[in-house]
Amino acid sequence: MIAIYKLNKDLVDTGWIDATLSGLFKEYTTGSSGPEYRREGKRVYIRGVVSPKQNITGNTDSNTIFVLPEGFRPSKTEYCECQGSAKATWFLDITTGGEVRMSRYGAGSFQTAEVDCWLPFSYNFPVD
């Protein structure tokens with residue numbers, strides 16, 4: 001019976017679930033790919049396109065986009081560099097508490113992520 005439970009857990013596919021945005025972010029444009037997440041077996045996938053609701057200073061951390069529920073969180077913080085508007089890049093990190101965050105926006109140096117800038121992301125990571 002334990003083997004069947006483990007097999008079922010390893011094969012689970014939740015389908016795409018819409019993420020609830022924090023108060024700092026919004027969908028990039030109405031009808032665009034708003035943030036969503038999915039679990040397939042022991043992998044979690046996140047994707048979407050967001051923009052800040054207000055200007056965010058480029059060197060600030062902890063700009064939470066949304067929070068993943070238990071069962072969708074990494075065992076160690078995950079980091080990914082993403083391409084933003086023009087030549088600006090930014091860091092996406094996913095914490096063990098489920099926070100999906102944006103930081104370090106800029107091109108060559110930190111810049112302000114202005115309202116309506118383009119912040120797309122697509123990333124996947126293992127879960128236990």
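**Salt bridges, buried contacts and backbone angles**

A86 sits in the loop between β6 (78-83) and β7 (89-94); helices (H or I, at least four residues) and strands (E, at least two) are DSSP runs, numbered from the N terminus. The structure is a predicted model, in which local features need pLDDT of at least 70 and side-chain atom pairs count only at pLDDT 80 or more, while totals for chains, interfaces and linings use all residues. Residues are numbered from 1 along each chain as its sequence is written, and side-chain values use heavy atoms, with hydrogens and water left out.

**Backbone angles**

- Most residues other than glycine have a negative phi, and most peptide bonds are trans.
- A86 has a positive phi, near 55°, and is not a glycine.
- A86 counts as exposed, at 77% relative accessibility; buried means under 20% relative accessible area, exposed over 50%, and partly exposed in between (1.4 Å probe, protein chains only).
- R104 is not a glycine either, and its phi is positive at about 55°.
- R104 belongs to strand β8 and is partly exposed, with a relative accessible area of 42%.

**Salt bridge K26 to D116**

- The model has five salt bridges, a salt bridge being a side-chain nitrogen of Lys or Arg within 4 Å of a carboxyl oxygen of Asp or Glu.
- K26 and D116 form a salt bridge through their side chains, with an N to O distance of 2.7 Å.
- K26 lies in strand β2 (residues 25-27) and D116 in the loop between β8 (99-106) and β9 (119-126), so this pair ties together parts that are 90 residues apart in sequence.
- K26 is partly exposed, with 28% relative accessibility.
- D116 is also partly exposed, with 42% relative accessibility.

**Salt bridge E36 to R47**

- A salt bridge joins the side chains of E36 and R47, at 2.6 Å from N to O.
- This pair links distant parts of the chain, with E36 in strand β3 (residues 36-40) and R47 in strand β4 (residues 43-52), 11 residues apart.
- E36 is buried, at 13% relative accessibility, whereas R47 is partly exposed, at 31%.

- In the salt bridge between R38 and E40, the closest N and O atoms are 3.3 Å apart.
- R38 has a relative accessible area of 17% and is buried.
- E40 has 34% relative accessibility and counts as partly exposed.

**Surroundings of S51**

- S51 is part of strand β4 and is buried, at 0% relative accessibility.
- Leaving aside residues up to four places away in sequence, S51 touches L24, F25, K26, E27, Y28, D116, C117 and L119; contact means heavy atoms within 4.5 Å.
- Both K26 and D116, the partners of a salt bridge, are among the residues that S51 touches.

- A19 is in the loop between β1 (17-18) and β2.
- With 14% relative accessibility, A19 counts as buried.
- A19 touches P35, E36, Y37 and F66, not counting residues up to four places away in sequence.
- Among these, E36 is the salt-bridge partner of R47.
- A19 and L68 are 49 residues apart along the chain, and their C-alpha atoms are separated by 7.7 Å.
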